[in-house]
Amino acid sequence: MPTEFISMTFPNPSTDIHPIPNSSIDPDFLERYARNLDDYAFDYTLVPYDSSFYDPWTMGATIAAKTKNLKIIIALRPNTLYPTVAAKALATLDQLSRGRAVVHFIAGGSDVEQAREGDFLSKEERYGRLEDYIKILKRAWASDEPFDWDSKYYQFKQFTNKVRPINGKSIPVSVGGSSADAYRIGGSLADIFGLWGEPLKETKEQIDRIYEEARKAGRPESDRPRIWVTFRPIVAETEELAWEKAHRTLELLKGAKNDSRGRPRPDAPAAPQNVGSQRLLEIAKKGEVQDRALWYPTVTATNARGASTALVGSVQTIVDSLLDYVDLGAELISIRGYDNLNDAIDYGRYVLPRVREALKEREEKKTNGTH
């Protein structure tokens, strides 16, 4: 399948480097941002989830109504919506968007964050629940025949789903994480597996783990999860200008009193509980710059809060770096910056076309070489 590009939805001009405390949704900004992604040929936008943040379903439906091609990835925590309800909601969005719905599952990487919405399961139990959840969705989408479910996490009788996905079969399911449970469940059940930006060696090791779990689940190579890798590129016309921009960005990150959602940042943040953040912080100890252009001070400055690994360089350096990950097997590349709207426009103007052109040239050479 072709290499595709993902951004993330932002409801207002607040950013990591210029946060706006207590900011509300700006409908005009949301529409402008989404339409720019559509116009510059991004393939997907992730609508994030947080216990204190905006409802992703309403945001996703709004974006779908304002765009033509952009696929909508709804971030979903299983504790927030019963799976039979989610099956109908996602299929409804899929119909309204003419087949553009995707779901990205978050098992829950923080006990504190999960408890804010009444979820007190252990991490192991959260992944067990996620496994059930995905199986229920796939069953509900595959057929409108009534079925029962009786497990530790869900019990119901004779549920039938008359709300079909556009393709009549399923909606793409994404799982992310860096733990053994994440690899197992994503490898066996997901259509897409999301990773945060790590060096090439570590990324290849994770991909191999995911593919091995897919193999153990009996999935053929043609049905393995597509790999999604996320970066925060800092790009400029020259290497020198890009690094100047990177260091300005870093100072703004360090000085920001709020995060991009306007919430105060703790003076002494606790060590992250999720394995993905722990991995990023450990890798950061090996050096500020790794591989071609992977920059880790943005990780340490934010305590590895979410996808925080930067790529720094000229347009060509960023393009070459992304192609390195395509060569590893990444089919979906998520790129979002620190000046959300302007960076998305720059990526759409300069980065995406050159990556696609490079891949097209490769394909043409391969085709010509066979004749």
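This is a predicted model: local features need pLDDT of at least 70, side-chain atom pairs count only at pLDDT 80 or more; totals for chains, interfaces and linings use all residues.

Author: Numbering runs from 1 along each chain as its sequence is written, and side-chain values use heavy atoms, with hydrogens and water left out.

Reader: Is Gln114 buried or exposed?

Author: Gln114 sits in helix H4, residues 111-115 (a helix is a DSSP run of H or I with at least four residues, numbered from the N terminus). Buried means under 20% relative accessible area and exposed means over 50%, with partly exposed in between (1.4 Å probe, protein chains only). Gln114 has 1% relative accessibility, so it counts as buried.

Reader: Which side chain makes a polar contact with that of Gln114?

Author: A polar contact is a pair of N or O atoms within 3.5 Å; within protein, one must be able to donate a hydrogen and the other to accept it, and residues adjacent in sequence count only if both atoms are side-chain atoms. At 2.7 Å, the partner of the Gln114 side chain is that of Asp119.

Reader: Which residues does Glu202 contact, leaving aside neighbours within four places in sequence?

Author: Glu202 belongs to helix H7, residues 200-216, and counts as buried because its relative accessibility is 9%. Contact means heavy atoms within 4.5 Å. With those neighbours set aside, Glu202 touches Arg279, Ile283 and Lys286.

Reader: Which residues of H1 are buried?

Author: Helix H1 covers residues 27-39. Its buried residues are Phe29, Leu30, Tyr33, Ala34, Asn36, Leu37 and Asp38.

Note on methods. Helices (H or I, at least four residues) and strands (E, at least two) are DSSP runs, numbered from the N terminus. The expected span of a helix is 1.5 Å times one less than its number of residues.
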